[in-house]
Amino acid sequence: MKLGFGLYKHMLNEAHYKFSKQCGATHLVIHLVDYFGHEKNNKENANQPIGENEGWGKAGSANQIWTLEELLAIKKEINSYGLELEAIENFDPAHWHDILLDGPKKEAQIEDLKQLIRNVGKAGIPVFGYNFSLAGVAARDVGEYARGGAVSVGMNGGNDTPIPNGMVWNMVYDENAPEGTIPRISHDELWSRLQYFLNELIPVAEEAGVKLAAHPDDPPMPYVRNTPRLVYQPEMYQKLIDMKPSNSNNLEFCLGSIAEMTEGDVYEATDSYSKQEKIAYIHFRNIVGKVPNYKEVFVDEGDIDMMKILKILKKNNFEGVLIPDHTPQMTCDGAWYAGMAYAMGYMKGLIKMINNN
Ligand SMILES: [Mn+2]
């Protein structure tokens, strides 16, 4: 098993590569979507919800997918700090909103995603993580939820306000969209949109040598903001896998989201999907509670026995990357850094223990 960090777009620089290496990470998962306009505004505050009509801010440029040159340059820079680039996490809503919404640009956008996956393969990046969701990560709040009043994310009941036109995946892709909200659809309709996406993209991913990896719903509720969710119980992952059998059809396995689900068991799910060799990489984070009332907490204080998870992964010869995903923010000048360094130290300790036994 390998240890890594997930870095957001505004963190793709020398300071964060050095920080990652110094913590003992060997791999990185990177985000190229500029959530909250962090890069544009040079802001560091993460995890702050900014209103139900703005979500995580504006999506990127509709006309430009990430180029091979761009990807190669990022990978080369990361490698120069002694780190490997394991995965890109998330499509930009600007590049696939009509795939999610079954809109008129669906076919043009799927061709763009195919080219993107070819670029990712050519750049030698093995995994692309995605979250097939209309509401995206929404309907949560922020509070002093973790040990000692550390600020983290939680859910207290949810949010069923419909999503305005021009917004999907919790970002705004069209500020000039007509008034109104996106129509309510069924779970079956959402699955058929996923089927289209997998049918079109998986063969290209196979050829490109890229693993597509699906994140479960965060939060895992049947509906969020009046839209159905896809993988909100552990066995729904099996449906996604069976829908398009392929070495390129994989999971971005989020322990926190799975433990928040009302059915199933996080240990059984870890065993089942790692045994099937379907886990591309893992979001190694801990929580207390289940939807619609849970809190994200420090890696060592939640409902999940992280050591038990690692033993299951070792038994099934899991060799992928673990990243902390998000962590509570610690009360100090480097809130994000302290949380991440704490999680990484704990993870390194556990890995050493299981490798010695
Ligand atoms: Mn996650």
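What covers the buried residues of helix H9? In this predicted model, the cover includes helix H7 (236–243), strand E12 (249–254), helix H8 (255–259), strand E13 (279–283) and helix H10 (306–315).

**View A. The buried residues of helix H9 line one face of the helix.** H9 spans residues 266–275, and its buried residues are Val266, Ala269, Thr270, Tyr273 and Ser274. Looking down the axis of H9, you will find these buried residues within an arc of 115°, so they line one face. As a friendly reminder, an α-helix has 3.6 residues a turn, so residues three or four places apart point the same way. Just past the end of H9, look for Glu277, where phi is positive at about 55°.

**View B. Asn317 sits in the loop between H10 and strand E16 (321–323).** Is Asn317 buried or exposed? It counts as exposed, because Asn317 has 10 C-beta neighbours inside 10 Å. Asn317 and Ser274 are separated by 43 residues in sequence, while their C-alpha atoms are 8.1 Å apart in space. Ser274 is itself one of the buried residues of H9.

**View C. Helices H5 and H6 are roughly parallel to each other.** Two packed helices are described by the angle between their axes and the distance between the axes. For H5 (residues 106–122) and H6 (residues 187–208), the angle is about 20° and the axes are 9 Å apart. Their crossing is right-handed. On the H5 side, the contact is made by Ile110, Leu113, Lys114, Ile117, Arg118, Val120 and Gly121, and on the H6 side by Glu200, Leu201, Val204, Ala205 and Ala208. Sorted by class, the contact of H5 with H6 holds eight nonpolar, one polar and three charged residues.

**View D. Helices H4 and H5 are oblique to each other.** Here H4 (residues 93–101) packs against H5 at an angle of about 130°, with the two axes 8 Å apart. The crossing of this pair is left-handed. From H4, His95, Trp96, Asp98 and Ile99 meet Lys106, Gln109, Ile110, Asp112 and Leu113 of H5. Four nonpolar, two polar and three charged residues make up the contact of H4 with H5. Keep an eye on Ile110 and Leu113, which also take part in the contact of H5 with H6.

**View E. Helices H10 and H11 are oblique to each other.** The axes of H10 and H11 (residues 335–355) cross at roughly 50° and come within 10 Å. The crossing is right-handed. Met306, Met307, Leu310, Lys311 and Lys314 of H10 meet Leu350, Ile351 and Ile354 of H11. The contact of H10 with H11 has six nonpolar, no polar and two charged residues.

View F. Pro292 is in the loop between strand E14 (286–290) and strand E15 (293–297).

**View G. Ala139 and Arg225 have positive phi without being glycines.** Ala139, with phi of about 70°, is found between strand E4 (127–130) and strand E5 (141–146) in a loop. Why does Ala139 count as buried? Because 24 other C-beta atoms lie within 10 Å of Ala139. Arg225, with phi near 50°, belongs to the loop between E10 and strand E11 (227–228). Arg225 is buried as well, with 23 other C-beta atoms within 10 Å.

Note on methods: Residues numbered from 1 in each chain as written. Predicted model: local features only at pLDDT ≥ 70, side-chain atom pairs only at ≥ 80, totals over all residues. Buried ≥ 20, exposed ≤ 12 C-beta atoms within 10 Å, placed from the backbone. Helix = DSSP H or I, 4+ residues; strand = E, 2+ residues; numbered from the N terminus. Arc of directions from axis to C-beta. Contact = placed C-beta atoms within 7 Å. Axes fitted to C-alpha atoms, helices over the stretch in contact; angles between N-to-C directions. Parallel < 35°, antiparallel > 145°, perpendicular 65-115°, else oblique. Left-handed = near helix turned anticlockwise from the far one by under 90°. Nonpolar A, V, L, I, M, F, W, Y, C, P; charged D, E, K, R; others polar.
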